Amino acid sequence: LVAAIQGLLMAPSGNHLYLAASVASVGFGVYGPQNLIGLIGAEMSHPAAVATGNGVLGWISYMGAAAAGLPLSIVLTKYGWTAFFYCLVGCTGLAGLLLLPYINARNVKDLKLFPDL
């Protein structure tokens, strides 16, 4: 995803095929992890509460997506497109760091976040 965003940042303005391929690769890189977040929510919740867990996770995701518009628009207007893309790369890295505790977890007990479970 980082390479796709970097490719989009360095795309020549007249090459429509290159721009289309860059946008498609960014979409491919975003859609997969977005689905994996829902899968992690389903796998980490109690079997009787999978739908509720996915609903809460979806609500948080939609609220985050709605709230991201203002800060990113401020970055875009004050610093330009280059800063905008670097901000997206930084957010991608931050999201990866936040997901690191889940890398080897098979269930919520493996996370050791809640000792009484």
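Predicted model: local features only at pLDDT ≥ 70, side-chain atom pairs only at ≥ 80, totals over all residues.
Biologist: At what angle do helix α2 and helix α3 pack, and how far apart are their axes?

Modeller: Helix α2 spans residues 16-44 and helix α3 spans residues 50-79. They pack at about 140°, with axes 8 Å apart.

Biologist: Which residues of α2 and α3 meet?

Modeller: From α2, I37, G38, G41 and A42; from α3, V50, N54 and L57. By class, this contact has 4 nonpolar, 3 polar and no charged residues.

Biologist: Take G38 in helix α2. What does G38 touch beyond its sequence neighbours?

Modeller: Leaving out residues up to four places away in sequence, G38 touches N54 and L57. G38 and N54 lie 16 residues apart in sequence, yet their C-alpha atoms are 6.2 Å apart.

Biologist: Why is G38 called partly exposed?

Modeller: Buried means under 20% relative accessible area and exposed means over 50%. G38 has 26%, so G38 is partly exposed.

Biologist: Now α1 and α4. At what angle do their axes cross?

Modeller: At roughly 175°, coming within 10 Å. Helix α1 covers residues 2-9 and helix α4 covers residues 81-99. That angle makes α1 roughly antiparallel to α4.

Biologist: Which residues of α1 and α4 meet?

Modeller: V2, I5, Q6, L8 and L9 in α1 meet W81, T82, F85, Y86, L88, V89 and T92 in α4. This contact divides into 9 nonpolar, 3 polar and no charged residues.

How values were computed
Residues numbered from 1 in each chain as written. Heavy atoms only, no water. Axes fitted to C-alpha atoms, helices over the stretch in contact; angles between N-to-C directions. Helix = DSSP H or I, 4+ residues; strand = E, 2+ residues; numbered from the N terminus. Contact = heavy atoms within 4.5 Å. Nonpolar A, V, L, I, M, F, W, Y, C, P; charged D, E, K, R; others polar. Parallel < 35°, antiparallel > 145°, perpendicular 65-115°, else oblique. Buried < 20%, exposed > 50% of the residue type's maximum accessible area, 1.4 Å probe, protein only.
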